[in-house]
Amino acid sequence: MEIASLIGLLDRPSSADESLSDWGVRDPQRARQVLLDLADTGLTLDLLAALCKCLAKQLPREPDPDLVLHTFRQFLFASRSPLALGSLFERDPPALVLLLRAFSLGPRWRELLLAHPEAFDSL
């Protein structure tokens, strides 16, 4: 996602339906709120745009894109350094794909990763 597109999405709630429908989410406004929350973690706009590009590609492949996106938000907030984690995902997009797939494995995996974000390193 281009930075200008991301800024438009964050600034205009009306653009969420159009912009986020391709992500496979059922609730584009909630997805937009997740992106606003991610921006509040200290992620730079270019880093958030890079994450959005990967999310846009991967979320439609997940069984429940809304749940995976929401869990990703929780995971980022639970991590010691959201900025460092975001940078890792920018450098290594397959790591983000692995994390998102782990969230789809079921509640036990989600709970484990949210309670112990450092366990992601073991995956």
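## Helix packing exercises

Helices α7 and α8 lie oblique to each other. We're working with a predicted model, where local features need pLDDT of at least 70 and side-chain atom pairs count only at pLDDT 80 or more, while totals for chains, interfaces and linings use all residues. Residues are numbered from 1 along each chain as its sequence is written, and side-chain values use heavy atoms, with hydrogens and water left out.

Work out why α7 (93-103) and α8 (107-115) are called oblique.

Solution. Helices here are DSSP runs (H or I, at least four residues), while strands are E runs of at least two, and both are numbered from the N terminus. Start with the axes, which are lines fitted to C-alpha atoms, for helices over the stretch in contact; angles run from 0 to 180 degrees between N-to-C directions. Those of α7 and α8 cross at roughly 125° and come within 7 Å. Now classify: under 35 degrees is roughly parallel, over 145 roughly antiparallel, 65 to 115 roughly perpendicular, and the rest oblique. The pair is therefore oblique.

Next, look at the contact (heavy atoms within 4.5 Å). Trp109, Arg110 and Leu113 of α8 meet Leu99, Ala102 and Phe103 of α7. That contact has five nonpolar, no polar and one charged residues; Ala, Val, Leu, Ile, Met, Phe, Trp, Tyr, Cys and Pro count as nonpolar, Asp, Glu, Lys and Arg as charged, and the others, Gly among them, as polar.

Zoom in on Ala102, which sits in α7. Ala102 is buried, at 5% relative accessible area (buried is under 20%, exposed over 50%, partly exposed in between; 1.4 Å probe, protein chains only). Beyond its neighbours within four places in sequence, Ala102 touches Trp109, Leu113 and Leu123.

**Crossing of α1 and α4**

Find the angle at which α1 (residues 3-11) packs against α4 (residues 45-58).

Solution. The angle is about 90°, and the axes are 9 Å apart. That makes α1 roughly perpendicular to α4. On the α1 side you'll find Ile3, Leu6, Ile7 and Leu10, meeting Leu45, Asp46, Leu48, Ala49 and Cys52 of α4. Sorted by class, this contact holds eight nonpolar, no polar and one charged residues.

**Span and cover of α5**

Check whether the span of α5 fits its 14 residues, then say what covers its buried residues.

Solution. The expected span is 1.5 Å times one less than the number of residues. For α5 that gives 20 Å, and its end C-alpha atoms are 20 Å apart, so the two agree. Its buried residues are Pro65, Asp66, Val68, Leu69, Thr71, Phe72, Phe75 and Leu76. Their cover includes α3 (28-39), α4, α6 (82-91), α7 and α8.

How far can you trust α5? Confidence (pLDDT, the predictor's own score for each residue, from 0 to 100) is highest in α5, at a mean of 96, and lowest in α2 (residues 16-20), at 86. The protein's mean is 93, with 100% of its residues reaching 70 or more.

Solution. Setting aside neighbours within four places in sequence, Leu43 contacts Leu38, Leu48, Leu51, Leu76, Pro82, Leu83 and Gly86.
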